Amino acid sequence: MSGQLVVAQELPWPPSVGDFYPPNVAGPWVTKFSIMIWIAVALLIIFFVAAYRRPKLVPGKGQWAAEAVYGLVRDNIAREQMGNAGIRFAPYLTVLFSFILLTNIFSIVPGLQISPNSHIAFPIVLAAISYVMYNYVGVRKHGLGKYLKQSLILPGVPWPMHFLLIPIEFLQNFVVRPVTLALRLFANMFAGHLLLLVFTVGGFVMLGSSSIFVQVTSVFSFAMAIVMAFFEALVAVLQAYVFVTLSANYIGTSLADEH
């Protein structure tokens, strides 16, 4: 292996957990992650404002792209999960889908090469927003008492079973849902970036080996890095879709008369 070569180039070897995350740009409040978040917000605002600045009956490319994203979320997520009542949540879900998709795609953009969602803080914030949303709409429609009753008490169950089922329902609806929503997005983006890192760094280390055979084998490591980059793009789309679909499902469950 080429540990001596890496040390000679003044690179940390072996890498630590701290090396996985980009260094601060200007103190702890201005990091590469926060800059990418603001870039994503700016790009989305510019895209949708430009697309709908002068809407036409026969849309141009920009308007068509914006309408395609909105139509996808409205028809395949909001309506599928909530029926016609979900249309009023389509703008929120569209923004959520677009933001997660764009920040996920950053993981394969040269110069960025990491998604902010591979840091647990950002999925937690996104999950918290959906958590507040579906609880708020549920309480607003049913009232706090009825909403808690529908969320915790299963109809038709013998009363002694409620001592077991109420804590389970509470954990499922108010703890497990937001936690798994955040962890699913974080774990997939973290794992994808880690795989890309392993094959890319592994290729350079093998290329710096003193063995000709190991140097030649590094080609396969670089090839796998390219394959994983395409796979990461697919995961980026799927995770955005899954996150928004689950958020819509939770909102629909909160609005249902019985759940």
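**Chat about a predicted model**

Q: Is Tyr 131 buried, partly exposed or exposed?
A: Tyr 131 counts as partly exposed, because its relative accessibility is 26%, and buried would mean under 20%. Bear in mind that this is a predicted model.

Q: And Tyr 134, buried or exposed?
A: Tyr 134 is buried, because its relative accessible area is 2%.

Q: Which helix are Tyr 131 and Tyr 134 in?
A: Both sit in helix α5, which covers residues 121-142. They are three residues apart, about one turn of the helix.

Q: How many aromatic pairs does the whole structure have?
A: A search of the whole structure gives eight aromatic pairs. Among them is the pair of Tyr 131 and Tyr 134, which is edge-to-face, with 5.7 Å centre to centre and 85 degrees between the planes.

Q: New topic. How many salt bridges are there?
A: The count is two. Side chains of opposite charge can pair when their charged atoms come close.

Q: Which residues are linked in the network of salt bridges?
A: The network links Arg 74, Asp 75 and Arg 79. Asp 75 meets Arg 74 at 3.0 Å, N to O, and Asp 75 meets Arg 79 at 2.8 Å, N to O.

Q: Where do Asp 75 and Arg 79 lie?
A: They lie in helix α3 (residues 61-82), four residues apart, about one turn of the helix.

Q: Is Asp 75 buried, partly exposed or exposed?
A: Asp 75 is partly exposed, with a relative accessible area of 28%. Arg 74 counts as partly exposed at 25%, and Arg 79 is partly exposed at 35%.

Q: Which residues make the nonpolar surface patch of about 470 Å²?
A: That patch is made by Phe 170, Leu 171, Val 175, Val 176, Val 179 and Leu 183. One of these, Val 175, lies in helix α7 (residues 162-207). Val 175 counts as partly exposed, at 35% relative accessibility.

Q: Last topic. What is the mean pLDDT of the protein chain?
A: The mean is 84, and 88% of the residues reach 70 or more.

Q: Where is confidence lowest?
A: Confidence is lowest in helix α1 (residues 3-8), at a mean of 45. It is highest in helix α4 (residues 90-105), at 94.

Q: Over which residues does pLDDT stay under 50?
A: It stays under 50 over residues 1-9, for which the model has ten contacts beyond four places in sequence. Where pLDDT is low, the predicted coordinates should not be read in detail.

Methods:
Residues are numbered from 1 along each chain as its sequence is written. This is a predicted model: local features need pLDDT of at least 70, side-chain atom pairs count only at pLDDT 80 or more; totals for chains, interfaces and linings use all residues. Side-chain values use heavy atoms; hydrogens and water are left out. pLDDT is the predictor's confidence in each residue, from 0 to 100. Helices (H or I, at least four residues) and strands (E, at least two) are DSSP runs, numbered from the N terminus. Contact means heavy atoms within 4.5 Å. Patches are made of residues with over 30% relative accessible area and no salt bridge: like charges are joined within 9 Å, nonpolar side chains (Val, Leu, Ile, Met, Phe, Trp, Tyr) within 5 Å. Accessible areas come from the Shrake-Rupley method with a 1.4 Å probe; for residues, only the protein chains shown count as cover. A salt bridge is a side-chain nitrogen of Lys or Arg within 4 Å of a carboxyl oxygen of Asp or Glu. Buried means under 20% relative accessible area, exposed over 50%, partly exposed in between (1.4 Å probe, protein chains only). Rings of Phe, Tyr and Trp (its six-membered ring) pair if their centres lie within 6.5 Å; planes under 30 degrees apart count as stacked, over 60 as edge-to-face and the rest as tilted.
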